[in-house]
Amino acid sequence: MVRLICLALFVFLYSCLPLSGTVSSSNELSETVSNSHESDVLFSTGLWPGEGLPRFKSKVNLQPLQKPNSNSQPVTGLEIKEGTIFNFTETQYQTIASDSVTIEQTQKLIVTNYGNIKYLSKDAYYSSGKQTNLTLEKGNQINVLQNRAEGEMFFEYQGNIYAGGCQPCYGASYKTAWWVKVSLLSKSGWVLINENTVEFLERQF
């Protein structure tokens, strides 16, 4: 009887703990955290997840920040009112937590090697990197970082960052934070993008 009471108490206390983030929509593989700190970022890109050009409509009044992290100060005199449709001038897609995946059978991947980096700009994504025939042996481990577009993924293997099709990456439980820079009335600031802050409009192609 005592064991049952203890078990019931543990389940109740666990259910009361706050969640660190909200699960993203079904077409995204990652968990999107509600906020991020600069020191938490493991890897980031000047890109955005998925295909097409994203567009947003604010769900609440948004206060843009000076930098793309939740510890940053707000931009004085800049606010995005609830219901505003807005675009962005820059984007930063951050990996807050990676997910280690063990290769179950040897396979060959045709991917792009960007080397040992922590940040990849949009220009560098298209202009740098070396196409590589990568062999992942059974038992090797990779760190899945974030999704890109058209099913491609970013992952880390033996200290280098790779991008491309990666079957072992699919279904990994990495965590990301997506920030965009918005310019209004000669001022600009960063806004965290998730289902609590914006409505996702149809993308432009």
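1. E90 is partly exposed, with a relative accessible area of 39%, where buried means under 20% relative accessible area, exposed over 50%, and partly exposed in between, computed with a 1.4 Å probe on protein chains only. This residue forms a salt bridge with K181, and the closest N and O atoms of the two are 3.7 Å apart; a salt bridge is a side-chain nitrogen of Lys or Arg within 4 Å of a carboxyl oxygen of Asp or Glu. The pair links distant parts of the chain, since K181 lies in strand β14 (residues 175–184) and E90 in strand β6 (residues 90–97), 91 residues apart. Strands (E, at least two residues), like helices (H or I, at least four), are DSSP runs numbered from the N terminus.

2. Please keep in mind that this is a predicted model, in which local features need pLDDT of at least 70 and side-chain atom pairs count only at pLDDT 80 or more, while totals for chains, interfaces and linings use all residues. Residues are numbered from 1 along each chain as its sequence is written, and side-chain values use heavy atoms, with hydrogens and water left out. The mean pLDDT of the protein chain is 86, and 81% of its residues reach 70 or more, pLDDT being the predictor's confidence in each residue, from 0 to 100. Over residues 1–30, however, pLDDT stays under 50, and for this stretch the model has 29 contacts beyond four places in sequence, a contact meaning heavy atoms within 4.5 Å.

3. How many salt bridges does a search of the whole structure find? The search finds 2, and one of them joins E79 to K81, with the closest N and O atoms 2.9 Å apart. E79 is partly exposed, with a relative accessible area of 38%, and K81 is also partly exposed, at 48%. Side chains of opposite charge can pair when their charged atoms come close.

4. An open sheet of 3 strands has the order β5-β4-β16, with antiparallel pairing, where two strands pair if DSSP finds at least two bridges between them. β5 (85–86) and β16 (198–200) stand at the edges, each with a single partner strand, so one side of each is left without a neighbour in the sheet. Strand β4 (residues 56–58) is joined to β16 by 3 bridges, and the bridge partner of F56 in β16 is F200.

5. F56 and F200 also belong to one aromatic cluster, together with W48, F86, F88, Y93 and W178. A search of the whole structure finds 11 aromatic pairs; rings of Phe, Tyr and Trp (its six-membered ring) pair if their centres lie within 6.5 Å, and planes under 30 degrees apart count as stacked, over 60 as edge-to-face and the rest as tilted. Among them is the tilted pair of F43 and F154, with 5.6 Å centre to centre and 55° between the planes. This pair links F43 in strand β3 (residues 43–45) with F154 in strand β12 (residues 152–157), 111 residues apart, and both residues are buried. The rings of Y125 and Y126 have their centres 4.8 Å apart and their planes at 80°, so this pair is edge-to-face; Y125 is buried, with a relative accessible area of 12%, whereas Y126 is exposed, at 56%.

6. N113 is found in strand β8 (residues 107–115). Leaving aside neighbours within four places in sequence, N113 is in contact with G129, K130, T132, N160, I161 and Y162.
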